[in-house]
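Work through the exercises below with the model open. Try each task before reading its solution.

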Amino acid sequence: MNKQFRIAQKTGLMFRDDEILPEDMNAWIQSQLQAASPALGLASSYADVAPWPDGLQPDLSRRAAMWRRYRDLEKQAREEKNGQETQAARQANRHENLTAKLDEHKFVQRNVYGADQVKLRFTAFWANHFTIGNTFDTGQMIGHAIDEGILAKFNGSFADLLYGITTHPGMLTYLDNVWSAGERSEQAKGCARKPDCQAGLNDNLGRELLELHTVSVAAGYTEEDINAAANVLAGWGIDFGEELPQMRKRAGGTNHWNVYKKRWAQPGSKKVMGQSIYAGRNGLRQLTDFLASHEATIDHISTKLCQHFVSDSPSTKQIEAVKLVWRESEGDLQLIHTKVLELAINSPDAKFIWPMTWLFQVVRLSGATYFKGWEDIHDYDDKLMNTKKVFEELGQSFWSSRQPNGYSDDKDEWMSAEMFERRVRFADAIYRNGKPRQSANEIMDRIGASQQTRALVASVGPSWRDRFIALMCSPELMGLDYV
Amino acid sequence: MSKLTVGRRNILKAGAASLFLAGMPVTGFAKSKPPGSISVIILEGGMDGLAAMPPIGDPDLMRMRQSVTPDNYLALNDFFGLHPSLKFYAQLMASGHASAVHATAFPYTKRSHFEGQNLIEGGGLSPFSEKTGWLGRALDLSGVAGRSLSLDMPLILRGYHENDNFYPASIRGSKKPNADLLNMIAMGHQMDAAQLFTKLARKSEDSVQVPRDPASLAKYAGRAMAQTDGPVASVIRVSEFDSHSNQAESGNTNEGRLARQLSVVDDVIAGYRRGLGKAWNDAIILTLTEFGRTVAVNGTRGTDHGYGSVGLLAGGSLSNSGVITDWPGLSKKDQFEKRDLMATIDYRSVCAACIEKSLGLDHDLIAAKVFQQPELPRIFDQLFT
């Protein structure tokens with residue numbers, strides 16, 4: 001593969017067939033990394049793609065209001081039970097008030113048409129690192145967390161990113177923190193006197209904050225550290241469906257992000273991995289700052305970044321290079337990302353491409369129109385699948401109910417006959433229904449495909465569809481090398 | 001469901017492993033089709049054994065766990081009850097085709113899902129030490145194949161190149177690829193990827209329509225295993241056992257998150273039973289989970305990550321039912337690190353006994369080659385006689 005496409009495959013989403021190739025790849029990367037993160041909207045100049053309307057990008061308060069409305073109407077509908085009419089009303093309610101489907105579709109549009117492809121790859125990396133599974137009511141918040149909690153934070157530090165996503169209602173809900181109460185909190189003490197009341201600590205987020213989001217088990221923390229972290233987190237977050245007056249009463253505010261309920265908080269200072277943490281609201285920022293700059297965190301995440309972008313098995317030297325930038329820049333994400341990209345470009349290793357990323361690359365390379373515009377979001381037919389189903393079927397979706405460790409960067413996790421069948425079937429579906437503007441041969445010429453790839457494509461015979469499938473499922477386009 | 005009476009046996013001392021081999025080849029490799037089949041249901045998230053099979057005879061249970069203990073439990077004997085969601089499993093217990101091992105775990109005490117899941121599938125001496133899984137290695141030793149009912153190839157089955165997976169695609173606007181195309185693509189790949197495309201080419205010839213819920217997949221797996229040339233092992237994953245909050249419903253402890261997931265497990269076992277048909281007689285099915293949960297209920301009507309749990313076993317190769325345990329007790333001093341149910345039986349021994357029964361491998365070989373633990377106690381006789 002020629003240089004531009006090799007870089008775009010490893011670090012981006014491939015150049016669309018109508019995109020002009022940049023001459024200076026470093027400048028191309030830097031212009032994306034330095035641009036203020038567009039938190040919302042489509043960065044695209046393609047005439048055939050309508051920009052995503054503002055009306056479909058609700059903020060958290062509106063999302064919460066829509067959630068409450070959804071819940072109330074759903075309750076009404078359940079009580080009514082008059083057959084088809086109710087079914088139609090329930091469907092209308094879902095379309096009008098639930099945001100998950102829209103958000104996932106917007107994410108896809110951006111990945112298919114967005115010009116900031118490198119940034120979108122980092123968005124996927126961090127959205128996966130800080131996984132918010134689709135359980136309870138988090139479906140309503142995942143899209144917001146990805147746009148505002150992750151993508152919007154790339155011009156700042158890892159510490160800001162960590163604090164922002166830890167206090168995002170999506171994370172606080174997903175990892176059961178919203179009603180966790182400090183062991184000696186007013187709430188727990190009050191509850192102890194009532195027969196049907198239960199309040200106390202839930203250590204789920206505290207544990208994953210240490211294990212997955214920051215230092216990892218390699219840091220050797222203890223069960224007491226987890227308990228202390230959970231006590232620092234106690235009080236943070238609120239039920240997304242909480243009415244505004246209730247929210248004011250419990251937490252004094254109306255914004256669902258950054259909600260701290262003093263009554264649920266554990267009084268007194270805490271100690272996490274040897275670090276004293278103050279009592280009160282500011283304790284969490286102190287904890288996340290401590291963890292963000294911890295050597296074990298730097299090691300854990302630098303390794304993960306290298307595994308994701310540089311090589312299936314990165315060298316110690318490569319990992320150390322990222323760690324050095326991290327330390328020297330005090331976690332400046334722009335500089336860390338720049339170093340990771342530099343290593344990815346300089347490494348001769350192929351990097352196995354995630355199914356989700358591969359699908360975007362196939363659509364972009366071929367100029368297929370496989371996903372509908374936002375206008376037709378609730379309207380699909382026998383040929384085109386709805387967006388959510390596409391990614392479920394592929395086995396990789398940020399809107400699925402998955403475990404908090406997210407999708408693996410270990411190639412072996414993605415090697416199975418069924419996984420490979422999905423690649424073949426989607427290449428087929430994209431060819432049949434997406435009407436690619438580019439044939440397999442045109443794509444191979446443009447990207448400078450290897451002799452092996454050309455031989456493979458030639459071997460399958462004259463069918464243009466078979467050639468397209470063979471190209472997209474070639475070792476070169478899947479990012480498999482056999483060293 | 002009326003009261004069931006099940007004998008309660010205590011396990012023999014760990015070192016008292018018998019050399020009795022129940023008519024199976026004494027050493028080395030199974031020469032032909034092995035004597036039975038083995039299926040593993042992975043319960044992802046850490047299943048609460050104290051709620052699935054509550055020790056109602058333990059005086060500390062209700063003191064510590066009233067809000068998550070089902071009150072409508074089925075009494076197995078004067079000490080153990082069974083969660084009401086496990087209805088089919090209860091019938092099997094009544095007919096001598098199900099057993100349980102309680103207060104058991106893999107030797108992993110650090111309470112991380114992801115380390116724990118890796119260890120119970122890898123079956124090595126520490127998390128992330130293995131590139132293959134214990135069932136994969138056992139099948140490799142026997143030279144017979146297993147199948148996973150999942151999109152991925154789970155670690156537990158890796159290690160034998162004939163193993164495959166099944167999770168039927170449902171993709172609009174695409175057709176099943178033809179075998180020639182897949183074979184050509186396979187030739188363009190190397191090593192494991194080439195093998196996978198070749199398997200796909202073989203598979204493209206049969207068209208099986210199976211719904212993808214775990215119970216239907218279990219039934220399909222049972223049917224496949226019942227065929228003469230079918231797989232002898234299968235793996236199914238049931239997720240969402242990580243019951244940190246609302247584990248049981250407030251006001252109705254028989255319902256809630258855990259009750260729903262246990263019903264899925266019950267349906268999976270029933271699915272296997274239906275699918276296996278006559279092959280049920282030689283089948284063994286066992287559950288596997290990364291850890292149990294805290295003895296005490298947490299602040300959000302759930303339980304946090306713990307240690308010991310229960311393993312559920314079913315299949316015609318069990319000849320009578322029992323709860324096999326060396327019960328540690330639930331009081332604070334009996335708990336592991338003053339919070340979890342202690343594990344007094346190494347669950348690897350249970351897995352080893354199931355391999356011995358189904359694949360006919362010698363225990364010492366399993367201990368050394370599958371679990372890399374030559375000293376692993378043999379508890380075959382407690383389970384299968």
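## Exercise 1: a helix in chain A

In this predicted model, helix α12 (residues 223-233) of chain A is largely enclosed by the rest of the structure, because 8 of its 11 residues are buried.

**Task.** Identify which residues of α12(A) are buried, and what they pack against.

**Solution.** 
1. Apply the cut-off: a residue is buried if 20 or more other C-beta atoms lie within 10 Å of its own.
2. Asp225(A) and Ile226(A) are buried.
3. Now look for their neighbours. The buried residues of α12(A) pack against α11 and α14 (282-292) of chain A, and against β1 (270-272) and β2 (275-277) of that chain.
4. Finish just past the helix. Gly235(A) takes a positive phi of about 105 degrees there.

## Exercise 2: a strand in chain B

**Task.** Take strand β2 (residues 37-43) of chain B. Describe how its faces are covered, then find its pairing partners.

**Solution.** 
1. Count the buried residues. In β2(B), 7 of 7 residues are buried.
2. Sort them by face. Ser37(B), Ser39(B), Ile41(B) and Leu43(B) lie on one side. Ile38(B), Val40(B) and Ile42(B) lie on the other. Both faces of β2(B) are covered.
3. Trace one pairing. β2(B) runs parallel to strand β9 (residues 283-289) of chain B, with 7 bridges.
4. Trace another. Strand β8 (residues 233-238) of chain B is parallel to β2(B) and is joined to it by 6 bridges.
5. Check with a single residue. Leu43(B) has Thr289(B) as its bridge partner in β9(B), and Val238(B) as its bridge partner in β8(B).

## Exercise 3: where the chains meet

**Task.** How many residues of chains A and B are in contact, and which helices of chain A supply the side that touches chain B?

**Solution.** 
1. Start with the totals. 51 residues of chain A are in contact with 45 residues of chain B.
2. Assign the chain A side to helices. α11 (204-213), α20 (417-434), α22 (451-459) and α23 (464-472) each supply at least two residues.
3. Find the largest share. α20(A) gives it, with 13 residues.
4. Classify the residues of this side of chain A: 23 are nonpolar, 13 polar and 15 charged.

## Exercise 4: domains of chain A

**Task.** List the domains assigned to chain A, and say what distance separates the centres of domain 1 and domain 2.

**Solution.** 
1. Taken over C-alpha atoms, the centres of domain 1 and domain 2 of chain A are 33 Å apart.

Methods: Residues are numbered from 1 along each chain as its sequence is written. Chains are lettered from A and ligands numbered from 1 in the order in which they are written. This is a predicted model: local features need pLDDT of at least 70, side-chain atom pairs count only at pLDDT 80 or more; totals for chains, interfaces and linings use all residues. Two residues are in contact if their C-beta atoms, placed from the backbone, lie within 7 Å. Helices (H or I, at least four residues) and strands (E, at least two) are DSSP runs, numbered from the N terminus. Ala, Val, Leu, Ile, Met, Phe, Trp, Tyr, Cys and Pro count as nonpolar, Asp, Glu, Lys and Arg as charged, and the others, Gly among them, as polar. A residue is buried if 20 or more other C-beta atoms lie within 10 Å of its own, exposed if 12 or fewer, and partly exposed in between; C-beta atoms are placed from the backbone. Two strands pair if DSSP finds at least two bridges between them. Domain bounds come from an automatic or database domain assignment.
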